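These are my notebook entries on one chain. I set down what I looked up, entry by entry.

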Amino acid sequence: MVSRVRVWLNRTYAENVFFMDQLRRNPSDRAVEIHATHGDPDSPVLAAADTAELEPEGLSPAGYVEFALDQCQRRGIDVFVPRLHQSAVVAHRAEFEAVGTALLAPPPEAVAVFEDKIVAYEAVQAIGAPVPPWWRVRSPEELVAAVEELEADGHTACFKPASGAGGVGFRMITRSPFSMVHLSGFPSPYVPLGLVVEALRQAEEPVDWLVMPRLKQPEVSVDCLTGPDNRVRLAVGRTKNGRRRGFTLHEQWLEPARRIAEGFGLHHLSNIQFRMHGDRPVLMDVNTRPAGGLHQLSQCGVNAPWAAVQLALGEDPGEITPPFLGQDYTVVSGPRPLRPVTLPQQRTQEAEPLLPAVPARAAEPAGAAQADTGARAISPA
């Protein structure tokens with residue numbers, strides 16, 4: 001009898017409830033139990049998991065590794081999919097292997113390259129993959145010089161932090177002065193150059209920005225599954241053009257993605273994003289983790305999460321070719337259950353005499369009472 005596989009996802013994106021669904025509906029018909037941890041008691045991944053636990057706040061990367069090792073050993077985790085503190089976790093791969101846990105993540109050298117977008121662009125350019133023009137900016141003068149050069153070539157300048165994920169801090173530069181236009185309708189990513197320059201001059205801490213041209217659609221995210229031998233087993237592009245989504249196997253997207261995944265050893269699941277600069281695709285970003293939209297490949301008859309778990313367990317799934325490409329689609333939101341809320345104990349009457357001290361557990365914030373329940377299963381509402 002084949003034993004069940006125990007998988008842990010730490011502080012991951014809400015959309016990965018679909019990642020978890022696919023693991024349970026795997027084509028091998030293998031029993032899968034999922035453990036999830038998060039800092040937010042209302043994260044839907046906690047409700048979707050078989051067991052769940054709140055993560056302690058304020059841990060250093062080293063402290064988090066200790067927490068993670070304890071989780072793996074105490075929970076009998078076979079495969080750990082780290083998102084939070086990924087770089088610190090993968091640096092201790094041997095220690096996780098010693099407690100019987102495989103990491104579904106690239107080696108530390110690969111993660112380090114893509115933590116800094118500018119280091120990543122330099123490295124990717126060196127292996128011949130296409131990148132857009134870019135500038136590293138740390139001062140108002142450097143920003144103005146980069147913007148002027150981009151505008152002289154007919155581009156709109158944009159900037160984002162040199163390190164970061166999920167589009168946090170992304171803005172586009174405009175020469176229009178701040179006016180009621182910026183206060184009407186929904187908030188805009190456009191910011192006047194003068195305000196950005198003034199903010200830089202008044203900043204108490206240094207900034208480290210990547211400045212580049214605003215790249216054009218379509219955006220293509222290539223999901224790659226790469227083995228420890230640096231050979232890509234699966235590469236499928238997910239296209240985004242406004243609301244419309246689709247899939248592609250065109251080599252203008254897949255060839256540079258494979259070159260990056262194999263060249264840097266992006267083992268297991270990675271997501272490599274491209275957009276258009278002029279008439280050619282160029283690299284936008286590289287994620288050394290499963291993309292939130294990875295589950296959409298199910299529209300092509302592919303269960304990428306399960307293939308990645310197989311690979312982590314040493315069960316090579318072989319080269320995977322989608323049997324078909326799904327039709328164009330869009331993404332809409334829908335309800336997912338959450339864990340029940342536990343209210344802190346409250347006094348019913350103001351005039352009641354003071355009671356003896358309440359045990360710490362009864363005074364925990366909502367959701368925290370389940371954090372130390374160990375093997376208690378969390379059932380969806």
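**Entry 1: a loop histidine**

I began with His 85, which lies in the loop between β4 and α4; helices (H or I, at least four residues) and strands (E, at least two) are DSSP runs numbered from the N terminus. The model is predicted, so local features need pLDDT of at least 70 and side-chain atom pairs count only at pLDDT 80 or more, while totals for chains, interfaces and linings use all residues. Residues are numbered from 1 along each chain as its sequence is written, and side-chain values use heavy atoms, with hydrogens and water left out.

The phi of His 85 is near 55 degrees, a positive value in a residue other than glycine. The classes I use are buried (under 20% relative accessible area), exposed (over 50%) and partly exposed in between, with a 1.4 Å probe and protein chains only.

**Entry 2: other backbone points**

I then looked up His 268, in strand β14 (residues 268-277). Its phi is near 70 degrees, again a positive value in a residue other than glycine. His 268 is buried, with a relative accessible area of 8%.

I also found a cis peptide bond between Gln 217 and Pro 218, with omega about 10 degrees. Pro 218 is part of strand β11 (residues 216-226).

**Entry 3: helix α3**

Helix α3 (residues 61-75) has 15 residues and reaches 21 Å from its first C-alpha to its last. This is close to the 21 Å expected at 1.5 Å a residue, the expected span being 1.5 Å times one less than the number of residues. Its buried residues include Tyr 64, Phe 67, Leu 69 and Arg 75. What covers them includes β1 (5-10), β2 (32-38), β3 (51-54) and α5 (93-98). Just after α3, Gly 76 takes a positive phi of about 65 degrees.

**Entry 4: the cores**

Which residues touch the most other members of the largest nonpolar core? I recorded Val 7, Leu 23, Leu 104, Leu 297 and Val 309, out of 37 residues. Such a core is a set of buried Ala, Val, Leu, Ile, Met, Phe, Trp, Tyr and Cys residues joined through side-chain atoms within 4.5 Å. The largest share of this core, seven residues, comes from α11. Not counting residues up to four places away in sequence, Val 309 touches Val 5, Val 7, Leu 23, Val 79 and Leu 104; contact means heavy atoms within 4.5 Å. Another core, of 35 residues, lies apart from it and has Val 124, Met 172, Ala 235 and Phe 274 among them.

Gln 22 is found in helix α1 (residues 17-24). Is Gln 22 buried or exposed? It is buried, with a relative accessible area of 7%. Beyond its neighbours within four places in sequence, Gln 22 contacts His 295, Ser 298, Val 302, Asn 303 and Pro 305.

Leu 294 lies in the loop between β15 (280-287) and α11 (304-312), and is buried at a relative accessible area of 3%. Leaving out residues up to four places away in sequence, its contacts include Phe 19, Asp 223 and Pro 305. I noted that the C-alpha atoms of Leu 294 and Glu 15 are separated by 9.3 Å, although these residues are 279 residues apart along the chain.
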